[in-house]
Amino acid sequence: MSSWKENPILTVEHLTMRFGGLVAVDDLSFEVGRSDITALIGPNGAGKTTVFNCVTGFYKPTEGRITMNRSNGQSYLLERIPDFQIAHHAKVARTFQNIRLFGGMTVLENLMIAQHNKLMKDSLFSIGGIFGISSFRKSEKASVKKATEWLERIDLIDRADDPAADLPYGDQRRLEIARAMCTNPELLCLDEPAAGLNPRETQDLNGLLRSIRELDKTAVLLIEHDMSMVMEISDHVVVLDYGVKISDGDAAFVQNDPHVIAAYLGVDDDEVDEAEAEAKVANAEGVKS
Amino acid sequence: MADFLNTRVGAALKDAVLAAVVTLLLTSIMVGIKTKTEQGGLGIEGNWSLVAWMVLAVLVGRFAMSLLVWRGRNPVANAMQSILPKQETVGKIGKFVGPALLVFALTLPFYGNRYVIDMGILVLTYIMLGWGLNIVVGLAGLLDLGYVAFYAVGAYSYALFAQYFDLSFWVCLPLAGILASFWGMILGFPVLRLRGDYLAIVTLAFGEIIRVVLLNWYEFTGGPDGISRIPRPSFFGLEFERKGGFADFFGIPYDSMHRVIFLFYLILALALLTNFVTMRMRKLPIGRAWEALREDEIACRSLGINTTNTKLTAFALGAMFGGFAGAFFATRQGFISPESFTFMESAIILAIVVLGGLGSQLGVVVASIVMIGGFEVFRDLQDLRMLVFGLLMVVIMIWKPRGIISSRAPSVFLKEKKAVSGDFVAEGEG
């Protein structure tokens, strides 16, 4: 029970994000386990993507602390460092709700860009690269090899030299995950990875996410609306509603939590009928007067 | 009447009359009225018979064309499509055009006359500027309307170093490049957060600031008088002089053409250096990061790419080549003044990059030849040359809305190098 509390890879404490008068996330605290698939769920507008943007540095939180504990023992306070350093040093990678691939570049190039920082260093910040030093050529080859391995894993090896924008939607989703994985992350944040996928593709995605956890030893934090998928693969589920955490536990616990049933999965049908009836009466009265 | 207009002949007639009216409006101002010097001021001279002929030609020509040649909707674009080569053939030809042009450039001084070589120097200067700007606009997707500022910085660096410190061209060339790239970074910092129209306005203002400073800092730059007697370049220390120079050293008779030919090869070498570095950079991580920045900046940051440094290197490198070209310009002309660095120059360089196709090296070459060379070829047409020139640009934009060479060559490939169609490539938001 609550294995994620013992050695969390990510600790979010009292996170609050305000946009002007709007409180998108209110005093949120949760942990992400080192070898878990953690799901962040909630109705539309609950503040899930805002939490993601805070964790990955795209927003600076109004209050709170986000700590990333890397497996080498180093800790990073994510609210204090710029977004690109979060990916580079703190090893947190992310994907986007609306896919953000480099559409005019080939599939292979997309995966090469993800290995930018390593290649940059090996090319001696381009100076060695211009003269074609051998260590850079070796590093480039290694990067292509790594990209190739990922293309095989996501079954896109035949389309390596096609532009990314030319791929079908499901392939683009998988490519974006592979691209994020090419940065060697320790925590992978996925914003609705199953959106727009058919059931078979969702099954493949589940397999991919499990292999990321087991083979690559990467923790996964995901936002998802597809409940069957969430309940199938998540070790730990955090439920948000109006920026407040209403439930936190394993899939079985969350499913049976009355708060979740009330706020997220909706109230009982009887209650809905009652509410509708009341509304009708109110309307009728409005017409009369 | 309405029935008649709906028939083919009627529609063609209506179209022809409309075209004739447009022609009348245009030509009556541009051709029909001419100013001439009279006693006590300017007078106006009519040239209405020519206008009448032009209108008649358009009326008859358009009527005949729409009746006999153009059918269907959007007739001009369709007609252009059938006349001009298709994308695939252009791609095939493209492979041979590059080397052919290089051989042509290398051998040009052997059979060209003074006029042709001078033209070659001019075209090559613009090719070099186009290649430099292509790094910023074509690869990194940052719209820079003030590129001429770096050209000016390069030219004035050399001229001022030569004037105050008596430094030679070969010492000043790298200095001009370094100073220009330094100014590139100075421009880069304030515009890091800007995109699109805002970026364009700030870069445009930057170009003007540099020009206005050069114009008004009279004590230092000579203001509108410019700087004259800028030293000419030497061939590894050998001056192109009548006595004791290049000709004497090699035991050949003196010819004033030697310097022109030397300048030609100098700018060719500089341009090829620009091309080489850019092509090389494209295949390096930094070049890929530039293109990724053009495609999606937010995704870049999510992958750990330092977008600040990436943008600044693009600005600095593009500016450096502008600086080299400027130093060359100063030594070739022997005289520079702020007049040479107006916004019009920036616009021409940008037009070369856009017409050539964003990010395409060969496209810049073709566009430079068409634009700068074409401008010269039509010199005999006098005022009409702008008309012809505009027409040419319209034709290119109808035929190829994304530039002459719109496809993109991938920087790395696994099995097969397939060009990426221009339809997929983003133009950059800035």
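Show both chains. Three salt bridges run between chain A and chain B; a salt bridge here is a side-chain nitrogen of Lys or Arg within 4 Å of a carboxyl oxygen of Asp or Glu. Select A:Glu140 and B:Arg288. They form a salt bridge, with the closest N and O atoms 2.7 Å apart.

A note before moving on. This is a predicted model, in which local features need pLDDT of at least 70, side-chain atom pairs count only at pLDDT 80 or more, and totals for chains, interfaces and linings use all residues. Residues are numbered from 1 along each chain as its sequence is written, chains are lettered from A and ligands numbered from 1 in the order in which they are written, and side-chain values use heavy atoms, without hydrogens and water.

**The interface**

Now select the contact itself (heavy atoms within 4.5 Å). Chain A gives 44 residues and chain B gives 34 residues. About 3,400 Å² is buried between the two chains, 66% of it from carbon and sulfur atoms; buried area is the accessible area (1.4 Å probe) that two parts lose on being put together, summed over both. Next, pick A:Phe84, A:Ile130 and A:Asp161. These supply 19% of the area that chain A buries against chain B, more than any other three residues.

**Aromatic pairs in chain B**

Rings of Phe, Tyr and Trp (its six-membered ring) pair if their centres lie within 6.5 Å; planes under 30 degrees apart count as stacked, over 60 as edge-to-face and the rest as tilted. By this rule there are 16 aromatic pairs over all chains. Select B:Tyr164 and B:Phe220. Their ring centres are 5.5 Å apart and their planes at 20°, so this pair is stacked.

B:Tyr164 is partly exposed at 41%, and B:Phe220 is partly exposed at 31%.

Go to B:Phe321 and B:Phe324. This pair is edge-to-face, 6.1 Å centre to centre with 65° between the planes. B:Phe321 is buried at 1% relative accessibility. B:Phe324 is buried too, at 10%.

Then select B:Tyr147, B:Phe150, B:Trp183 and B:Phe206. Ring pairs link them into a cluster.

**Charges over rings in chain A**

Last stop: Arg over rings. The rule is NZ of Lys or CZ of Arg within 6 Å of the ring centre and within 35 degrees of the ring normal. A:Arg153 lies over the face of A:Trp150, 4.2 Å from the ring centre. A:Arg179 has its charged end over the ring of A:Phe102, 4.8 Å from its centre.

Note on methods. Buried means under 20% relative accessible area, exposed over 50%, partly exposed in between (1.4 Å probe, protein chains only).
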